[in-house]
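Please keep the sequence and the coordinates at hand while reading. The paragraphs below lead from an annotation to individual residues and then to a pair of helices.

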Amino acid sequence: MRYISSGHSHGEQITIILEGIPANLELNLDDINKELSRRQSGYGRGNRMKIERDQAQFVGGVLFGKTTGAPITIVIKNKDYKNWETITSPFNYKQDSYRPVKMPRAGHADLVGALKYNQRDMRTIIERSSARETVSRVAVGAVCKQILRELDIEVLSHVINLGGIDVSNYSLDDIRTMDSKVRMVHKVKTSEAMKRIDESKLEGDTLGGICEAFVLNVPAGLGSYVSHEQKLDANIAAHVLGIQSCKGVEFGDGFDIANYKGSEVHDEITYTEQTFKRKTNHYGGFEGGMTTGMPIIVRGVFKPIPTLMKPIGSVHIDTKEQVLSHVERADVTAIPAASVILEHTISIEITRAILAQFTSDTIEQLIDSVSRYRDYLKEF
Ligand SMILES: Cc1cc2nc3c(=O)[nH]c(=O)nc-3n(C[C@H](O)[C@H](O)[C@H](O)COP(=O)(O)O)c2cc1C
C-alpha cells in the first residue's frame, strides 16, 4: 500500500492517490468526512478552519460504494481558494497587487526551502510545507481505519500536554468518551489549557504539546526484525516524525526507560488463557520491530506553531536587513488536530504492515487470513 498527495495550502484542491487497498471494502463516506472534520476542530485553531468544510470526493477506485482494488483517487477542495485565486492559480495569477514573502519565519520551512529551491518569493515554499497537507494523511488514515475496524483493531488518541498543562491518570474509556475542545480527558485540565491558549493568543504567541495514541487488539508479529525497513516501530516513528512540527516520538515508557534497570523494564512473559502475555507494557507493544500483542502506545511531541503574531527577528532575503519575520493567519496551537493526525498516521502504518503480511486482494481474504493467523497464535 502506498499513497501520494499533491496540492497547495491555498490552491484549488488536495489530490491523493492511494494504491493497494483490497477490493470489496465497503466505504462509509460519512465516517471518512467525520474524521476530516475531527482534524479541523480543536480550540486554538485560526480562522482558516472556519472557512474550510473538508469533504472527501472519491473520483477513482470506488464503485457502488466499494473499493475495486484499483488505485483510489480522493479530492479535497480548498474552499479558501476563492480568496487566493489571484495568487495561487497556477497560470492565471495577478502580479500587480501581490506582495512576495521575503521575511522567513524561524521554525518554518521558509528560509531553507528558499535556499534549496532557489526561490525569491517564499510563497512557493509556504504553499506546500503548510500542514494543510495533513488532510491527505487523515483521508488515507480514515480509509485504513475502516480496514482495521473489519479486523477488530481500534486506534485512539488524545492530548496529554498542551503548552505545559499535562494530563495523567486516565483510562482508555476516558479517551473513548471524552468531550473536550482540546482533546484532553480531564475537564479541569481542558479549562486550564483553553485559558493558556487565550493568554497566548493575546500575547501573539503559540503553544506546542504532546499527543498519545493507542492501537488495541493488534496480533503479535506484525512487522519484522529481519531488516530495518520491516521494523514496524521504526516505520511508525518515521511517519509520525513526518507530521509537520513533530520533534520526537516515543513508545511505551519511551525516554524514561533510561532511568531503570533491565529487570525493571523488560516486559515479563506469562502464559494464561492459551496466550502468551506480558505482565507490563513498558515497551509500548514492540520487541524487535514486531508487535508483541500488547497495546501499541505511541507519543509525539509537537513544537509551538512557527508563525507568531508578535514576530521574532529574521533577515530580509534580498536586502539582508534585520527585520521581523513574516506574519500571516495561523493557529495559536494545533495540538488537538495533531492528535487526530497522529491517530491516522499510525493507522496507515499498521494497515500497511498488515497488507504486506496477509493475503489481501479482497477484504474477505484479508479478514479470513488475519483470523486464521489469530487462531494459529492461540494454538502455538
Ligand atoms: C495541524 C497542524 C496545523 C499547523 N498550523 C500551522 C499554522 O497555522 N501556522 C504555522 O506557522 N505552522 C503551522 N503548523 C506547523 C508547520 O506546518 C510546521 O512547523 C512547518 O511545516 C515546519 O515543519 P517542522 O516543524 O516539522 O520543521 C501546523 C502543524 C500542524 C500539525
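The account begins with the basis of the model and then turns to the annotated residues.

This is a predicted model, in which local features need pLDDT of at least 70 and side-chain atom pairs count only at pLDDT 80 or more, while totals for chains, interfaces and linings use all residues. Residues are numbered from 1 along each chain as its sequence is written, and side-chain values use heavy atoms, with hydrogens and water left out.

According to the unreviewed UniProt entry, the annotation "binding site" covers Arg-128, Ser-129, Ser-130, Gln-244, Ser-245, Gly-288, Lys-303, Pro-304, Ile-305, Pro-306, Thr-307 and Arg-329. These residues span 202 residues in sequence, and the farthest two C-alpha atoms are 44.1 Å apart, so they do not all gather at one spot. UniProt positions are given in the numbering used here, feature names are shortened, and annotations may be inferred rather than shown by experiment.

Two of the annotated residues may be followed further. Lys-303 is located in the loop between strand 15 (296-302) and strand 16 (313-315); helices (H or I, at least four residues) and strands (E, at least two) are DSSP runs numbered from the N terminus. With a relative accessible area of 26%, Lys-303 is partly exposed (buried means under 20%, exposed over 50%, partly exposed in between, with a 1.4 Å probe and protein chains only). Beyond residues up to four places away in sequence, Lys-303 touches Gly-107, Leu-207, Gly-208, Ser-245 and Lys-247, contact meaning heavy atoms within 4.5 Å. The side chain of Lys-303 also reaches the backbone oxygen of Gly-107 at 2.8 Å.

Pro-306 is placed in the loop between strand 15 and strand 16. Its relative accessibility is 18%, so Pro-306 counts as buried. Apart from neighbours within four places in sequence, Pro-306 is in contact with Ala-106, Gly-107 and His-108.

Elsewhere, Thr-88 belongs to helix 3 (residues 81-88) and, at 9% relative accessibility, counts as buried. A polar atom of the Thr-88 side chain lies 2.7 Å from the backbone oxygen of His-10.

How are helix 6 and helix 11 oriented to each other? Helix 6 (residues 134-150) and helix 11 (residues 335-357) pack at an angle of about 50°, with their axes 8 Å apart. The two helices are therefore oblique to each other (angles under 35 degrees count as roughly parallel, over 145 as roughly antiparallel, 65 to 115 as roughly perpendicular and the rest as oblique). The residues making this contact include Val-138 and Gly-141 of helix 6 and Ile-348 and Thr-351 of helix 11.

Note on methods:
Polar contact = N/O pair within 3.5 Å; in protein donor to acceptor, adjacent residues only side chain to side chain. Axes fitted to C-alpha atoms, helices over the stretch in contact; angles between N-to-C directions.
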